[in-house]
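Hi,

Here is the structure I said I'd pass on. Have a look first, and my notes follow below.

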Amino acid sequence: MERTVTVWGKPHAVTIKQASRMAFTAVGNFQGEMLLARGHSASAALAAWSASAKSRTSKRAIALK
């Protein structure tokens, strides 16, 4: 299933797949990088993906200073 996640005001398409009975993966492109996150539910995988994307943004901002 595909969901849209908004990170810092911009929408991103994220695909969620059930990897096993109790594991989900969320995969999507964020600023030219493919990010993968896992969770015990679809919503947990989406939350992990969003957190990973936000973390990448802050790391890039620090690197540019």
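Of the 65 residues, 32% count as buried (under 20% relative accessible area).

Keep in mind that this is a predicted model, where local features need pLDDT of at least 70, side-chain atom pairs count only at pLDDT 80 or more, and totals for chains, interfaces and linings use all residues. Residues are numbered from 1 along each chain as its sequence is written, and side-chain values use heavy atoms, without hydrogens and water.

On confidence, the protein averages a pLDDT of 89, and 88% of the residues score at least 70 (pLDDT is the predictor's per-residue confidence, 0 to 100).

The pattern along the sequence is β-β-β-β-α, that is, 4 strands and 1 helix (DSSP runs numbered from the N terminus: H or I of at least four residues for helices, E of at least two for strands).

Now the rings. The whole structure holds 1 aromatic pair: Phe30 and Trp49, edge-to-face, 6.2 Å centre to centre with 90° between the planes (Phe, Tyr or Trp six-membered rings with centres within 6.5 Å; planes over 60 degrees apart are edge-to-face, under 30 stacked, the rest tilted). Phe30 lies in β3 (residues 23–30) and Trp49 in α1 (residues 42–64), so the pair ties together parts 19 residues apart in sequence. Both Phe30 and Trp49 are buried.

Cheers

How values were computed
Buried < 20%, exposed > 50% of the residue type's maximum accessible area, 1.4 Å probe, protein only.
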